[in-house]
Amino acid sequence: MAGLTIKALNQQYTCIASIEDFDAFIDECEKKLKLCAAKSDTPFKAFFLFNRELSGEELIRFFDTVWKQHVVVQGIGERNMLSSMKIWDQPLYAGQSYDFEEDILILGDIPNDTYITAHHNLYVVGELEGCIDLMHEDCECCCSSSNDAKIRIFDSSFQNLTFFTASRLYYKNHQVLISKLKEGFYGN
């Protein structure tokens with residue numbers, strides 16, 4: 001038994017997978033991603049959430065399948081991280097302020113001149129250009145890319161950051177540090 005739900009927002013996709021039989025999952029993944037790829041001439045970006053950890057061999061088969069469908073994998077996470085997380089799938093508007101009290105997964109971009117205050121972790125599937133203020137030292141922000149975003153965590157100064165690969169931003173010794181994310185879970 002396998003299930004794959006694909007949610008699209010602003011040319012970005014979030015794929016939520018329930019895997020019991022991996023072969024059935026790969027078949028369904030191939031069919032559904034082929035349908036999504038048929039709607040565009042260019043590769044599309046997708047963030048994948050799985051209900052379990054994949055073995056090395058399963059990861060190789062998964063990456064081979066998505067590569068054949070011209071999918072750019074923005075990140076891979078475990079679905080159980082969504083249990084206490086709010087998913088924001090509405091557009092964020094420039095010039096607006098947003099305040100989030102729980103872990104938040106934003107499906108889309110954070111435009112320039114958008115101000116976000118977060119009291120827990122922030123995960124961004126799209127591009128980050130706005131201003132992010134994380135209130136506590138154990139908060140972190142994971143995003144696929146940043147274009148001159150202004151980011152502060154706890155008592156650090158705001159820092160203008162630009163990067164083009166999925167990265168994790170975290171607090172240490174009064175400053176915001178960046179680590180590039182590879183395959184695996186967005187988080188610790």
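Two strands count as paired if DSSP finds at least two bridges between them. Strands (E, at least two residues) and helices (H or I, at least four) are DSSP runs, numbered from the N terminus. By the pairing rule, strand β8 and strand β10 (residues 131-134) run parallel and are joined by 4 bridges. Within this pairing, Thr117 stands opposite Asp133 of β10.

The model is predicted, so local features need pLDDT of at least 70 and side-chain atom pairs count only at pLDDT 80 or more, while totals for chains, interfaces and linings use all residues. Residues are numbered from 1 along each chain as its sequence is written, and side-chain values use heavy atoms, with hydrogens and water left out.

The chain holds 2 helices and 14 strands. Of its 188 residues, 47% are buried (under 20% relative accessible area; exposed is over 50%, partly exposed in between; 1.4 Å probe, protein chains only). Contacts are heavy atoms within 4.5 Å. Among contacts with a separation of 6 or more, 35% come from residues 24 or more positions apart.

Strand β8 (residues 115-118) also pairs with strand β6 (residues 97-100). These two strands run parallel, with 4 bridges. Tyr98 has Ile116 in β8 as its bridge partner.

A further set of pairings involves strand β9. Strand β9 (residues 122-128) is largely enclosed by the rest of the structure, because 6 of its 7 residues are buried. Strand β7 (residues 103-106) pairs with β9 in the parallel sense over 3 bridges. There, Ile106 is partnered by Val124 of β9. Strand β11 (residues 141-153) pairs with β9 over 5 bridges, again in the parallel sense. Leu128 stands opposite Ser146 in β11.

The whole structure contains 6 salt bridges. Each is a side-chain nitrogen of Lys or Arg within 4 Å of a carboxyl oxygen of Asp or Glu. One of them joins Arg61 and Asp23, at 2.7 Å from N to O. Arg61 lies in helix α2 (residues 56-68) and Asp23 in helix α1 (residues 22-38), so this pair ties together parts 38 residues apart in sequence. Arg61 is partly exposed, at 34% relative accessibility. Asp23 is partly exposed too, at 42%.

Another salt bridge links Arg152 and Asp133, at 2.5 Å from N to O. Arg152 belongs to strand β11 and Asp133 to strand β10, so the pair ties together parts 19 residues apart in sequence. Asp133 is buried, at 5% relative accessibility. Arg152 is partly exposed, with a relative accessible area of 24%.
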